[in-house]
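Here is a short report on a sheet, the helices around it and a ligand site. Follow it with the model open.

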Amino acid sequence: MIVFNKPYLTGKETHYIYQAVYSGKLSGNGDFTRKCQQFFEQKWNFNKTLLTTSCTDALEMAAMLLDLKPTDEVIVPSFTFVSSALAFVREGAKVIFADSHKGNPNIDETTIESLITPNTKAIVVVHYAGVACEMDTIMALAKKYNLFVIEDAAQAIDSYYKGKPLGSIGHLGAFSFHETKNIQCGEGGLLAINDHRFIERAEIIWEKGTNRASFFRGEIDKYGWKDTGSSFLPSELNAAFLYAQLENLQQIQAKRITIWNYYYHSLKILEEQLKLNLPFQSKDSTNNGHMFYLICNSKEEQIQLREYLKSNGILAVFHYQSLHRSDYYSNKHDGRILKHSDRFSDCLLRLPLYMELTLEECEKVCQSIKDFFQTKKMLL
Ligand SMILES: *Cc1c(COP(=O)(O)O)cnc(C)c1O
């Protein structure tokens, strides 16, 4: 059986957890938390980062920092994970869903301006599969209308837009270390605070509404309740695990990109002969090997191919279902049809991609996909 995802272990995780356990400091904001944050600050030049218990929590912190009012609107793509919208809904804002591009699951930046009203407060962008959204256009809109931009960079570690690391371009950026992501610690996340006006308050929100972080740095002699907040810090055990993964970033990324390229070259023929799309690539964005997908020509084809692969011992999976049509939000949506988002919900199929996947297994996946289309007499 070729499974869809296998969380990778570098081998050093338990060693660092052991160190954390015997250091006597197990709660958050200790040495390993600082090491992980410094990794982001040194490798990618992030201004200020805070490790969180998930990307969902990092997005929630971002929503809290915006001080949303019930009349405020936040523009979010519909083709994304629930958390990209949920964080803002929880803070009381109204989410206005935007469509994807025709051939690219990312938000179609050319539709954003028509969704902006006097109540719009922020735009959330999701770099799907680690491929950058059109950030120049989006940041220019934000400037013109005085809006905040939050990058959901959950899938976008170590990927770049015109040379700038994703997650560092908007006012705030959120990363995920869920076990399905390139770098993982089971559950984990990180908030990048790129706009310095948010730094002080972000630390307070992170530490249950107290100024404990600045107390620990010795800047004040006692700490207390200053603002709203929650417990957004992961324990040192999670941070220790994560640090082992970050140390191996280069090796992990190289392997994932090798697999991605193998799929791409082997399956290119489907694009040429069947007009079936392979992952979108952009000249302005790098590829971080997060995900490889096919866009089938119909929902039926996606289901048939998925079942065919399953009967051959290969687990491929579909992805997001449009949020504007979800049980929770459909009656709050304004009724616009978002056809590209719906098409990706129906037709996109993700292939296995993880560190331990061998190129022989990759070849088996590619051959099975080609067999499927050959049996249907669609492929020569
Ligand atoms: C994985 C993911 C999330 C959620 O991350 P968690 O760390 O599980 O909270 C949010 N947005 C996107 C785009 C994701 O891929």
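Strand β1 and strand β9 (residues 189-193) run antiparallel and are joined by 4 bridges. Thr52 has Gly189 of β9 as its bridge partner. Strands here are DSSP runs of E with at least two residues, helices are runs of H or I with at least four residues, and both are numbered from the N terminus. Two strands count as paired if DSSP finds at least two bridges between them. This is a predicted model, in which local features need pLDDT of at least 70 and side-chain atom pairs need pLDDT 80 or more, while totals for chains, interfaces and linings use all residues. Residues are numbered from 1 along each chain as its sequence is written, and side-chain values use heavy atoms, with hydrogens and water left out.

The pair belongs to an open sheet of 7 strands with mixed pairing, in the order β1-β9-β8-β5-β4-β2-β3. The edges are β1 (49-52) and β3 (94-98); each has a single partner strand, so one side of each lacks a neighbour in the sheet. On average, neighbouring strands are turned by 20 degrees against each other, direction ignored.

Helices lie on this sheet. Helix α4 (residues 83-90) lies across β2 (73-77), β3, β4 (120-126) and β5 (148-152), and runs at about 155 degrees to β3. Helix α5 (residues 135-145) touches β4 and β5, and its direction makes about 150 degrees with that of β5. Contact means heavy atoms within 4.5 Å. Axes are lines fitted to C-alpha atoms, for helices over the stretch in contact; angles run from 0 to 180 degrees between N-to-C directions.

Helix α8 (residues 236-247) packs with helix α1 (residues 13-23) at about 145 degrees, with the axes 8 Å apart. α1 passes α8 in a right-handed crossing. Among the contact residues are Tyr16 and Ile17 of α1 and Leu237 and Phe241 of α8. Helix α2 (residues 31-43) also packs with α8, at about 35 degrees and with the axes 8 Å apart. The α2 and α8 crossing is left-handed. A crossing is left-handed if the near helix is turned anticlockwise from the far one by less than a right angle, and right-handed if clockwise. Residues meeting there include Phe32 and Phe39 in α2 and Leu242 and Leu246 in α8.

The table lists polar contacts, pairs of N or O atoms within 3.5 Å.

| Residue | N or O atom in | Distance to a ligand oxygen atom |
|---|---|---|
| Cys55 | backbone | 2.9 Å |
| Lys181 | side chain | 3.3 Å |
| Tyr320 | side chain | 3.1 Å |

Key: Polar contact = N/O pair within 3.5 Å; in protein donor to acceptor, adjacent residues only side chain to side chain.
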